[in-house]
Amino acid sequence: MQRVMRHYRLITVLALLWALAGCGATPPPNLTPQATAAFHARRALDVLRVIRDTAVDASRQTPPLISHKTAIHVVTWHKSLVQAIGAVPSGVRNTVDTALVQLKADIPPEDWKRIENYVNLLRAVIAEVT
Amino acid sequence: MAGLNLGPNAASLLNTGIAALPGIIDAFRKKHEQLNPGAPPPTSEQVIAALQSDVVADALKDEQLLAELNKPGYA
């Protein structure tokens with residue numbers, strides 16, 4: 001099972017990285033600073049959505065790969081984080097960094113490992129925010 | 001996936017993951033299609049409006065998922 005999960009995660013992460021690389025990480029030069037922040041925020045939301053959906057889908061497997069409690073926690077975490085990013089897009093980097101520290105502290109380590117690849121992808125995306 | 005001796009759950013999980021990939025890639029492409037070479041760049045107003053639209057859509061989906069996950073007998 002672990003071997004299958006490794007394949008599954010590797011293929012998914014590679015596809016996401018490829019897709020993100022092809023989408024252009026650099027905002028168009030015509031954007032205002034506010035719109036540039038919104039551009040970066042949207043890219044973070046794209047990956048956050050993947051983290052949420054991965055947690056929910058993993059909790060639906062038989063046997064569950066992530067606990068039901070963790071899935072609820074991740075969705076609640078996602079909901080709060082999206083609202084915070086929507087309110088202050090220019091603070092996406094600090095907001096996401098803080099939220100990730102909190103999430104790691106709140107869920108069991110074995111569940112964290114299941115979503116860690118996607119978390120790393122999110123970190124890579126927000127690292128591009130200038 | 002010839003060569004892999006998978007149980008039914010593992011095979012299903014792997015197939016689900018692979019089947020989902022085109023959808024994920026499509027979503028990324030559609031979301032950023034305005035940034036493709038040759039296409040006019042989005043205006044600031046469009047980018048800001050798109051963010052707000054994403055925030056609203058995500059909030060609705062989160063509510064829907066929480067309602068589903070909190071249903072009695074779900075776990």
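**Chatting about helix H3 of chain A**

Student: What covers the buried residues of H3(A)?

Tutor: The cover includes helix H2 (33–59), helix H4 (92–106) and helix H5 (109–127) of chain A, along with helix H2 (44–69) of chain B. Buried here means under 20% relative accessible area, with exposed over 50% and partly exposed in between (1.4 Å probe, protein chains only). This is a predicted model, where local features need pLDDT of at least 70 and side-chain atom pairs count only at pLDDT 80 or more, while totals for chains, interfaces and linings use all residues. Residues are numbered from 1 along each chain as its sequence is written, chains are lettered from A and ligands numbered from 1 in the order in which they are written, and side-chain values use heavy atoms, leaving out hydrogens and water.

Student: Which residues of H3(A) are buried, then?

Tutor: Among them are Ile72(A), Trp77(A), His78(A), Leu81(A) and Ile85(A).

Student: Stepping back, how many helices and strands are there in chain A?

Tutor: Five helices and zero strands. Both are DSSP runs numbered from the N terminus: helices are H or I with at least four residues, strands are E with at least two. Of the 130 residues in chain A, 52% are buried.

Student: Why does the length of H3(A) agree with what it should span?

Tutor: H3(A) has 20 residues (68–87), so at 1.5 Å a residue it should span 28 Å, and its end C-alpha atoms are 29 Å apart. The expected span is 1.5 Å times one less than the number of residues.

Student: Okay, cores. Which residues touch the most other members of the largest nonpolar core?

Tutor: Ile51(A), Trp77(A), Ile85(A), Val96(A), Ile115(A) and Leu122(A), out of 38 residues. H2, H3, H4 and H5 of chain A, plus H2 of chain B, each supply at least two residues of this core. H2(A) gives the most, with 12 residues. A nonpolar core is a set of buried Ala, Val, Leu, Ile, Met, Phe, Trp, Tyr and Cys residues joined through side-chain atoms within 4.5 Å.

Student: What is Leu122(A) in contact with, leaving aside neighbours within four places in sequence?

Tutor: Ala44(A), Val47(A), Leu48(A), Ile51(A), Val96(A) and Leu100(A). Contact means heavy atoms within 4.5 Å. There's also a second, separate core of seven residues, including Val56(A), Leu65(B), Leu66(B) and Leu69(B).

Student: New topic: where does Val88(A) lie?

Tutor: In the loop between H3 and H4 of chain A. Val88(A) is partly exposed, with a relative accessible area of 44%. Val88(A) and Ile51(A) are 21 Å apart in space, C-alpha to C-alpha, and 37 residues apart in sequence.
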